[in-house]
Amino acid sequence: MSVEEPSAWLPSEFLRAIASQSAAGSPPARMAVERVRGLPDSGARNGLVLALLGGAYRDAAPEWLLQVAIDSGLREEGAHLYAGSPMQLAFTALSHPSCTQAQREQALGRCSTAQLGVLGHEGCGEVMAAAVVAELRRRGPHGRPMSVEGLEKPSAAQVVLRDPQLHSSVFFAALELLPAFPELSGGTASESNDVLADHEAFMAACEAWESMWAGVVSVHTGRHRELLEWSEGSRANRAIRECMLGSIPWDVEASLLEEVALEHLAGFEKRVLITRACRMLRDGLSKQQVCERLSKELEALSAADLRQFNRLTSEDFALHDVALHGAVFWVQSAAESTWRHLLSPSEARPRFGNPYTWRASEELLATLGRRFAQQAMEALRLWEPGSQTTRPSPQDLRWLHSLLVHLPDITPEVKQKARAVLQHTRPQHRSRWETASFVADQRERELAGLRAAVEGILGDPTAVTRSTALGDPEQITVQRLARMSDDVLIDYLSRHAGNDELVEKTLLAFAGRSSYGAKIHFADVLTRHSAPDAALLQITTGLRKRLGGGPQLREGWARQVLRLPDCPADVICALPAWTALTVGGPEHGTAHPVVVALVIDALGDDEEAWARFADSPASYAGPTAWLRLGDILTAAADGTPWPKPPAGR
C-alpha cells in the first residue's frame with residue numbers, strides 16, 4: 001500500500017492528532033500534508049494545518065503551507081483569538097520561524113486594524129511584534145489632538161489597545177501613537193466669532209480624551225503600574241490615576257490602589273494653603289504679609305505648585321469662590337467622583353448583577369475611608385457659606401455624609417459644623433420660572449436622601465454602621481423602621497433600650513415587614529416594652545391613627561397579633577373587623593380559630609344577632625374597614641346602632 005492510499009480515507013481528526021505528535025518527514029506527517037493539499041478551504045483543513053505547524057513542522061515549515069494558513073486565517077473579518085479560530089491559524093503562521101519577512105509584511109498590510117491587534121498578542125515573538133509595530137506606525141496619522149470624533153472613529157492605536165493581552169512592544173508603541181491632549185482654538189475674535197463655542201468644543205474634546213484613557217486603563221488591568229511609569233510627568237498620568245481611583249478601583253492591585261489614593265490626598269494640603277492665604281487677603285492682609293505668615297509652607301512647595309499659588313492668590317482670583325473655598329470644593333469633587341466608589345464600596349456595582357469583587361481588602365478600604373475623613377475634617381473646619389445663588393445639589397452634602405460615615409469619633413464640634421452645612425443646603429421651593437424635569441426631580445430626591453442620612457448619623461452617631469444610622473428615636477418614622485435590615489434594627493433597639501415609644505413604632509413597623517427568615521420577631525420586640533399588654537391594646541385600639549394605610553398593613557398587623565401565644569381577647573376585639581375575620585386561619589382568607597371562637601361566644605344561638613352581624617357595615621377597604629370587631633359584635637348582639645369608624649390621623 002502506498003503512502004497516498006491511506007490518506008484518501010483516514011479521518012482528518014485522526015490525521016490532526018498524529019500530525020501534532022509526529023516528526024517532520026515521517027509517514028504520518030506526509031499523509032497529513034497530502035490531505036491538506038486535497039482538502040478545500042474548510043474548518044477541517046484549517047485544523048490539520050494548525051496541527052502540522054504546531055507539531056511536525058513547528059521548527060521549519062514549507063512556505064506554501066504557511067501561506068495557506070495565512071490566507072485561510074485572514075479570509076474572515078473576525079478578530080478573535082481562541083483555540084481553533086481562523087485568527088489562531090494566522091497568528092501561528094505569522095509567528096512561525098520559517099515565515100519570511102515579505103510574507104509577514106504582506107499579510108499584516110491586508111489585515112484589519114482589529115486583526116492587527118490580535119496578531120500583536122503576547123507570545124507572538126519579538127520579530128512578529130516588531131512587524132506589527134511597523135505596520136501600526138504606517139497606519140497614521142498619529143498623535144493628533146483628540147477630538148470628539150476620535151471616539152466614534154478611533155485611530156489605529158486606539159483600536160489595537162482594545163486587546164487586553166498585547167505584546168509589550170506593541171502595547172508601548174500603541175501608547176506613543178495615541179491622540180494627544182486637545183488644543184484650544186487660538187484664533188482671534190476676527191477669526192472666531194464664537195469664543196464660547198470654541199471653549200465648549202475644547203471641553204468636549206477633553207472629556208473624549210479622558211474617556212479614551214479610561215478605556216485603556218479599564219482593558220489593561222494588569223499593566224496599571226507600567227502605565228503610571230510610562231506616563232510619569234505627562235497629562236496622561238493624571239487621567240490614568242483618576243480613572244484608577246474613580247472608575248475601576250475594584251480592579252486595581254491593593255498596594256497600588258493605596259499608593260495612588262494617598263498621593264491624590266496629598267494634593268489637598270495645597271488647596272488648604274491657598275484657601276487660608278486667600279481668606280487672609282480677604283480679611284485685609286497684604287500679599288507680602290500673607291507670604292511672611294506662610295513662609296514655611298511656601299518653602300516646601302515645588303516650582304509648579306508655587307506658580308499655582310501665586311496665580312490663585314493674585315488680584316484676579318483671590319476673592320473668587322474657587323480660591324476662598326478651594327479646600328471644600330476639592331473635597332466635594334473628590335467625594336462626588338474620584339473617591340465615590342472607594343468611600344462606598346458596597347454601592348459599586350454594574351447596572352445588572354452582583355457588586356464588583358474588590359482586589360483590595362475591606363480593611364484597606366476602611367483605612368482609606370478614614371484617611372479621607374481626616375482630610376475632609378480640615379475642609380469642614382474651613383467651611384463657610386459661599387456666595388453662590390444656585391440651588392443646593394447632592395455634591396454639597398455627599399462629602400459631609402462620607403466624612404461622618406468614616407470619621408472615628410463625631411465630636412460636638414463636628415456636629416455643630418455639620419448642622420451649619422445642613423442649614424445652608426436646606427431644600428428650596430422651585431420658582432415659577434423654573435421648569436420641572438426628571439433630572440431635577442432626581443437630584444432633589446438624592447439631596448433629600450443625603451440630608452436624611454446626615455441627620456440620622458448626627459442623631460445616632462454610635463450606630464455600628466453609620467451608613468445605616470437611623471437617627472434620633474424621636475424623629476424616626478414607622479416607615480423607615482420597616483425598611484431596615486434585622487441586624488440594624490436589633491442594634492438600634494439595643495442601644496435605645498427602655499424607650500417605649502421606639503418599641504411601639506417598631507411594633508407598628510412589623511405590619512409592613514416580612515417575617516420569612518427574620519432574626520427578630522414581633523413577640524421579641526413586645527417584651528422590650530415596660531407594659532407590653534397595655535401597649536398592645538392601646539396600639540390596636542388606635543390603629544387607624546397610629547398606622548393608617550391600606551388593607552395590606554391592617555392584615556400585617558392582625559397576623560402579628562394573632563401569632564402571639566395567649567393573645568388577650570380585648571386585643572382581638574380591637575382589631576379591624578373585616579381583617580380579623582379573613583386572616584390568620586389555617587387556609588388563606590379564613591379566620592383564626594381564636595377569632596371564630598370569640599365570635600361564636602359573643603353571638604351564641606341568637607339568630608337575629610347573627611343576621612345583624614351578617615349585615616354589618618364592616619368592609620375590606622374605606623373608612624368602615626377600620627370598624628373594630630368588638631364594637632361590631634356588641635352592636636349585633638344588643639341590636640344597637642352600628643358604630644362610627646374610629647378617627648384617622
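Predicted model: local features only at pLDDT ≥ 70, side-chain atom pairs only at ≥ 80, totals over all residues.
Modeller: Residues are numbered from 1 along each chain as its sequence is written, and side-chain values use heavy atoms, without hydrogens and water.

Colleague: How many helices and strands does the protein chain have?

Modeller: The protein chain has 38 helices and zero strands. Helices (H or I, at least four residues) and strands (E, at least two) are DSSP runs, numbered from the N terminus.

Colleague: What makes the residues of α5 and α6 a contact?

Modeller: Contact means heavy atoms within 4.5 Å. Among the residues that make this one are Leu 66 and Ile 70 of α5 and Met 87 and Leu 89 of α6. The residues of the contact divide into ten nonpolar, two polar and no charged. Ala, Val, Leu, Ile, Met, Phe, Trp, Tyr, Cys and Pro count as nonpolar, Asp, Glu, Lys and Arg as charged, and the others, Gly among them, as polar.

Colleague: Which residues lie nearest the centre of the largest pocket?

Modeller: Arg 238, Glu 242, His 264, Arg 271 and Trp 330 do, out of 32 lining residues. On a 1 Å grid over the protein atoms alone, a pocket is an open set of points where a 1.4 Å probe fits, with protein on both sides within 12 Å along at least five of seven lines; lining residues have an atom within 4 Å of a point. Helix α16 gives the most to the lining, eight residues. By class, the lining has twelve nonpolar, ten polar and ten charged residues.

Colleague: Where is the place of Pro 141?

Modeller: Pro 141 is in the loop between α9 and α10. A cis peptide bond joins Gly 140 to Pro 141, with omega about 0°.
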